[in-house]
Amino acid sequence: MRYYIKKVISLIMVLFLIMLLTFIAFQVIPGDSALSRLGVDAEPEAVEALRESLGLNKSLPERFFSFLSGAVRGDFGNSYQYGKPVGELLSARLSVTVWLAVLSIFMIIAVSVPLGLVCSRKEGGVADRIITMVTQTLMAVPAFFLGIVITLIFGLVLEWFAPGAYIAPGEDFGGFLRYMIFPAVAIAVPKIAMTVKFLKTSVLRELKLDYVRTARSKGNSERAVLWRHVLKNALIPVITFMGMVIADVLAGSIVVEKVFNLPGIGRLLITAISNRDYPVVEAGVVYIGSVVLIVNFIVDLLYQKVDPRVRIK
Amino acid sequence: MKKHGKLLLALLLILGISVFAGGCGKDGNSSDGQDGDGTDGDTTVTGEAVMGGDIIVGITQDFDSLDPHKAHAAGTQEVMFNIFEGVVKPDKDGNLVPAVASDVAISEDGMTYTFTLREGVKFHNGALVTAEDVVYSLKRSAGLLETVDPEVIVTSALSCISDITASKDASGKEIVTVSLSTVNTELLGYLTSAIIPKDYENQANAPVGTGPFKFVSYTPLASLVMEKNPDYYGTAPYLDKVTFKISADTNTAFLELLAGNIDIFPYLTSEQASQLSGNYNIENGTANLVQALFLNNAEKPFDDIRVRQAMCYAVNRPEILDMVADGKGTLIGSNMFAGFAKYFNADVVDMYPYNVAKAKELLADAGYPDGFEMSITVPSNYQFHVDTAQVIVEQLKQVGITAKIELVEWPTWLEETYRGRKYQTTIVGLDANLAPSDVLKRYRSTASSNFLSYVNEEFDEIFALAIAETDDAAKVKYYKQLQEILAKDAASVYIQDPASYVAVSKKLSGYTFYPLYVQDMSKVYYVK
C-alpha cells in the first residue's frame, strides 16, 4: 500500500514539474499569443486589448496558478485558435492516436515474439541469419521514410489505399481501420526489428543458464523449454522496452501523422506551438507526461507478475 | 516506366532533396505545352457545364477562425470567400461589384457612403438581411460596437468611420449610411468585410453568411465542408458540395494529387507543377504578393540610401525567378503587385538592372569598399522565401557582402521582426485588400505597420492626397508617383509577384483567378 501512495505522490510531483517547465519554456521563447492571433494588420492597441482579455498581462505566478487550479479540475480552458474547450479538442484527436497505438502495438507483439523465438532456436542458422539481416536494416529506417515508401508502394503503385484520404472513425469505422493499418505498419516495423533483437539476445542469455539444462534433462522437448521456461524469464527486458514503445506511440508520432495526413495529437501539438496556443500545448504536454508515467507504473506491476522474485515494497 | 520515374521524382522531392535549377530544372518547362494554361484573370472554358457534383479542394493550413471578423490568415479568407460577402465584393478583374447592397453612392466630398440594400437577400439560416444586420456587421468590423470583442480584427483603414446608420428611403428600400470623419475615397475596398446576422453568437463554430455556399461542418486539422446555397440571389453555383481538405503540407497534398484524391490544389510548387500530368490541368496565375528583401531603413548600414541602392543593383532578380520558380513570376520595382494592373507602375521595374560594378561603386562611396556582414531573417514556414534568400546570399557575395540567413518561426517573426523591428533585412510576401492605399499604407512614417521604419515626408503628403482624391485619373497618377518615390529611395529590394500554379482536375472547368487571394468555387463546374 505504501508503495502505491509513494508512486502516486511522485507521479503528481513529476506532472507538476512538467507543467511548470512547459510554462517557463513558453515565457522564454519569443512569440506572442495575442499578436499571432491578430496578425500583421492589427494595431498595437488591439493586440494589447486582446492580451488583457486573455489574461496574458497578469503576473507570471498568478497565471501559472490560475492554469494549475484549472488543470486540477480537469479544465484547461479554451484554445486561443479554435475557441473550443481544450479537453474537447484533445479527446477528438485522441481516438486517432489511440487506435494507431493499439494497431501498431498489436502488430509489434504479434510479429516480433514468434520471430525472436525462431531466431534464437538456432543461433546462426539460415532463418536467424536472414531475420537478423533484415531487422538490422529495418532498425536503421526512420518511420517517416518507411511511411513514404509504404505510400509509394501500397498507395500509388498497388493502389491498396488512397494516400492522404484519411477517413474519420465516425464516418466509416471499417474504412478508418483499413486506412490506419498503413501508418501503423510504418510505426511498427522499426520497433518490431528492435523488439526481435531484444528478445533474441534475452532468450539466448537465458538458454545458457542452469535451469534450462535441468529442464532439458527432465525430458522436456526443446519447444516446451523455450515456451514454458525460457520465454517468461526472457520477457523482462522486453517488457521494459515495450513500455517505452507504448508510451512513445501514445504520445503521437508527428512525422507519421504528417505523411499519412492523420489529425492526431502530434499535429495538434505542433500547430498549437506554432500558434502559441498555450492552453492546448499545456494540456498536450500534461497528457504525454501522464501517459509515460502511467505506462511505466504498469510496467513495474508487470515485472512482479512475471518474476515473483521482484517484490515491491 | 515513365509513371514510376515521376513517382521517384516525387519521392526525392519529399525527401527534401532540392532539385535545383541547373540540369534537372530544365525539364520543368513541360507544363508550358499543356492545354488549359490560362493566363492571369482568365477563365478556362472548355466543354459544356453540368449542374451538380461534389469536389474536394486541397489546402495546407488550418483556419485561424471561422468568424469572418476574427480571421486574418490569407488561407482562411480565400476559403471563406465562398461563404461570406460584404456590401460589395471583388470580381475577377479586381472591380468591386454590389453584393448585399444593390447600389452604392459616394458623396462628392468623399465623406458619406450610401448603400441601398438588395431586396430579398437571405442569410444561410433563412432570415432576411436587414439594415440592422448590415449596420451591426460594419460596426463590428470597424470596432464601433458598444462592447468590443478584443478578438475582432479592426483594420486601421476603417478608423475614419464616424457613424453608421440605418434608414428607409421614399420607396421603402433599406438604406445604410456610412459617415466619415476624414475623407477616404477608397473605403469601398475595405467594405468587403462579411455581413453577418446581428447578435448571432455562434459565428466561430457555425458561421452564417450570405455567400453562394453555406457552411456545413468543420473538423480541425481535417476538413471544412460547404454546400450550395439554394437561396443565393446571384448566379447559383454549379457544384452541390465543396470539401476543403486540410493536408499536413504541400508534399502530402501532392501525394494525394498523384493518387487522384483531390480535384483542385492551389499551392503547387513549380517543381510539382512540372511533374504532374495525366488527370490535371495546370492553371497559371499570379499570387498577388509583393515579395521583397525588405530593408530596415533605420538600421546601419541600410540607413544610407547608397547602400540600399547598391543592394538593388547587386540582386539579380531574373536569376532569382529562374532559380526558385522556373522563370515564372512577374518582376516588380516597387511595393505594388502586377495583378493590380490599374495602379501598377511598370516604369520603375527596371530602375536597378543587375550591375555588380555599379553596386561596388556605390558601396565604396558609402564607405564600405570591402562590403559588410548582414543577416536575412526569413520565416521558416515559407520555403519559397527561404529558397529566394539562398539565391540572394550567393548574389551578394559578388559585391563583397556576406549575408547569413536566420530562420525564425512565424510567431517570432511577428513579434521581433515585424512588431519589434529588430532585424537588418527580411524576406516575406505582403498581400493587401482591394484598395491601392492598403498596398502602400505601411510606408507612411507614422504607420504602426511600417516595419521598415521608412521615412519620407513627400511620400506622406502624396499619400494623403491620393486617398482623398475623387478623380480616378489623378488618383492613379498619385499612386504611380508613390511607387516611384519608393523605388528611387530604394526602400527595399523589390523582387517579384510570384507565380501561382493550381492543379485542376480535367473533369472540371471554370477555375478563376482573382487579383486577390481567393478560391472562388461558385464558378467551377463539371464538364460534360
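**Figure 1. Burial and layout of chain A in the predicted model**. Of the 313 residues of chain A, 36% count as buried. This chain holds 13 helices and 0 strands, so from the N terminus on its elements read α-α-α-α-α-α-α-α-α-α-α-α-α. Along the principal axes, the C-alpha atoms of chain A fill a box of roughly 85 × 60 × 35 Å. Among the contacts in chain A with a separation of 6 or more, 70% are between residues 24 or more positions apart.

**Figure 2. A:Ile130 in helix H6 of chain A**. Helix H6 of chain A covers residues 126–139, and A:Ile130 is found in it.

**Figure 3. Where chain B meets chain A**. On the chain B side, 38 residues are in contact with 40 residues of chain A. Helix H1 (2–14), helix H5 (250–258) and helix H11 (410–419) of chain B each supply at least two residues of the side that touches chain A. The largest share of that side, 8 residues, comes from H11(B). Sorted by class, the side of chain B that touches chain A has 19 nonpolar, 10 polar and 9 charged residues.

**Figure 4. Helix H4 of chain B and its surroundings**. H4(B) spans residues 131–142, which makes 12 residues. From its first C-alpha to its last the helix reaches 16 Å, close to the 16 Å expected at 1.5 Å a residue. How many of the 12 residues of H4(B) are buried? The count is 10, so the helix is mostly covered. Among the buried residues are B:Asp133, B:Tyr136, B:Leu138 and B:Arg140. What covers the buried residues of H4(B) includes strand E6 (112–117), strand E7 (161–168) and strand E8 (174–180) of chain B. After H4(B) comes B:Gly143, with a positive phi near 70 degrees.

**Figure 5. B:Val134 in the largest nonpolar core**. In soluble globular proteins, nonpolar side chains tend to be buried together. The largest nonpolar core here has 224 residues, of which B:Val134, B:Ile264, B:Leu293 and B:Ala503 touch the most other members. Helix H8 (residues 173–207) of chain A gives the largest share of this core, 13 residues. B:Val134 is also one of the buried residues of H4(B). Leaving aside neighbours within four places in sequence, B:Val134 is in contact with B:Val87, B:Val100, B:Leu117, B:Val129, B:Val176 and B:Ile195.

**Figure 6. An open sheet of 6 strands in chain B**. The order of the strands is E15-E19-E14-E18-E16-E17 (chain B), and the pairing is mixed. Why is one side of strand E15 (330–331) and of strand E17 (402–408) of chain B left without a neighbour in the sheet? Each stands at an edge and has a single partner strand. Strand E14 (residues 290–295) and strand E18 (residues 425–430) of chain B pair in the antiparallel sense over 6 bridges. B:Phe294 stands opposite B:Thr426 in E18(B). H11(B) packs on the sheet, where it touches strand E16 (373–379), E17 and E18 of chain B. The direction of H11(B) makes about 125 degrees with that of E16(B).

Technical notes: Residues are numbered from 1 along each chain as its sequence is written. Chains are lettered from A and ligands numbered from 1 in the order in which they are written. This is a predicted model: local features need pLDDT of at least 70, side-chain atom pairs count only at pLDDT 80 or more; totals for chains, interfaces and linings use all residues. Two residues are in contact if their C-beta atoms, placed from the backbone, lie within 7 Å. Helices (H or I, at least four residues) and strands (E, at least two) are DSSP runs, numbered from the N terminus. Ala, Val, Leu, Ile, Met, Phe, Trp, Tyr, Cys and Pro count as nonpolar, Asp, Glu, Lys and Arg as charged, and the others, Gly among them, as polar. The expected span of a helix is 1.5 Å times one less than its number of residues. A residue is buried if 20 or more other C-beta atoms lie within 10 Å of its own, exposed if 12 or fewer, and partly exposed in between; C-beta atoms are placed from the backbone. A nonpolar core is a set of buried Ala, Val, Leu, Ile, Met, Phe, Trp, Tyr and Cys residues joined through C-beta atoms within 7 Å. Two strands pair if DSSP finds at least two bridges between them. Axes are lines fitted to C-alpha atoms, for helices over the stretch in contact, and angles run from 0 to 180 degrees between N-to-C directions.
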